[in-house]
Amino acid sequence: MPNDTEHQQRLAVLIDADNARPAITEVLLAEIAKYGVASVKRIYGDWTTPNLGGWKSVLLEHSIMPVQQFRYTVGKNATDSAMIIDAMDLLYTGRFDGFCLVSSDSDFTRLASRIREQGVMVYGFGEQKTPKPFVSACHKFIFTEVLVEESRSDDGGQKRQPVMDLRRDAKLVDLFRTAVEAASDEAGWAQLGAVGSNIMKQAPEFDPRNYGFKKLGELVHAVKLFEVDERLQDDGKGRTIYIRDKRRRS
């Protein structure tokens with residue numbers, strides 16, 4: 001019987017201990033598992049300092065390898081350099097389909113861009129304070145606060161935003177309309193999966209969970225600006241969701 005991991009992306013998970021909290025580890029790794037297998041899990045920091053003491057039990061429990069990097073000069077972050085060097089070494093092996101960079105530090109912006117240039121997926125994980133350049137440099141960026149809230153709730157995590165708030169969110173509406181237009185046929189209908197892919201290209205930080213919804217389809221229904229049509233697939237074994245801007249209705 002074939003191993004399921006053979007068909008999944010091989011991922012390198014690199015964590016900046018100075019800019020991540022031990023409390024997110026479990027939900028972080030659970031999220032990463034949705035995208036592939038974490039073949040490498042490393043975390044970088046100066047482990048001689050007391051502020052990283054909270055990581056010890058977490059690293060043992062989740063088999064994350066700590067990489068020691070002394071602070072040679074006060075005010076300079078040698079940890080970033082060590083993580084960047086390791087990332088490039090791993091990239092050049094050609095063994096990985098994607099990298100998961102866990103940090104809220106904009107210093108990793110160029111690293112994310114360089115990995116993308118190599119045709120390798122980059123998943124970013126950080127707090128909502130993460131600078132926009134780093135977020136935009138990733139293919140997909142997930143806010144860790146959303147993961148934590150989701151783990152604490154049975155209804156999708158954050159409180160769902162009211163319909164009127166969603167419709168007044170100009171950025172959200174523009175993202176949807178632009179993506180639908182790009183993926184639509186002559187009648188204006190676009191497959192929901194293609195719409196989601198197009199949105200991610202425009203805004204890596206986009207996630208239905210940011211608005212309190214587990215799935216993209218649920219968010220589309222809530223916005224109430226699009227017609228929704230579920231069509232039976234050609235093989236008759238499932239349905240595909242299509243959406244169309246209500247302004248196109250004849």
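Reader: In which strand does D245 lie, and what makes that stretch a strand?
Author: D245 lies in strand β9, residues 239-245, of what is a predicted model, in which local features need pLDDT of at least 70 and side-chain atom pairs count only at pLDDT 80 or more, while totals for chains, interfaces and linings use all residues. Residues are numbered from 1 along each chain as its sequence is written, and side-chain values use heavy atoms, with hydrogens and water left out. The strand is a DSSP run of E of at least two residues, whereas helices are runs of H or I of at least four, both being numbered from the N terminus.

Reader: Why is D245 called buried?
Author: Buried means under 20% relative accessible area, exposed over 50%, and partly exposed in between (1.4 Å probe, protein chains only). The relative accessible area of D245 is 8%, and therefore D245 falls under the 20% limit and is buried.

Reader: What makes a polar contact with the side chain of D245?
Author: The term asks for a pair of N or O atoms within 3.5 Å; within protein, one must be able to donate a hydrogen and the other to accept it, and residues adjacent in sequence count only if both atoms are side-chain atoms. The side chain of D245 makes such a contact with the side chain of R177 at 3.2 Å and with the side chain of R247 at 2.9 Å, so both distances lie within the limit. Leaving aside neighbours within four places in sequence, D245 is in contact (heavy atoms within 4.5 Å) with R177, V180, L225, F226 and E227.

Reader: What makes helix α10 mostly covered?
Author: In α10 (residues 216-223), 6 of the 8 residues are buried, namely L216, G217, L219, V220, A222 and V223. What covers these buried residues includes α7 (163-168), α8 (170-183), α9 (192-202), β8 and β9.

Reader: Why does D16 count as buried?
Author: D16, which lies in strand β1, has 0% relative accessibility and therefore counts as buried. A polar contact of 2.8 Å joins the side chains of D16 and N19. Not counting residues up to four places away in sequence, D16 touches Y44, T79, D80, M83, V102, S103, D105 and F108.

Reader: What makes a set of residues a nonpolar core, and which residues have the most contacts inside the largest one?
Author: The set consists of buried Ala, Val, Leu, Ile, Met, Phe, Trp, Tyr and Cys residues joined through side-chain atoms within 4.5 Å. The largest nonpolar core has 27 residues, and those with the most contacts inside it are L14, F99 and L101. Helix α3 gives the most to this core, with 6 residues. Leaving aside neighbours within four places in sequence, L14 is in contact with R42, Y44, M83, A87, L90, F99, C100, L101 and V102.
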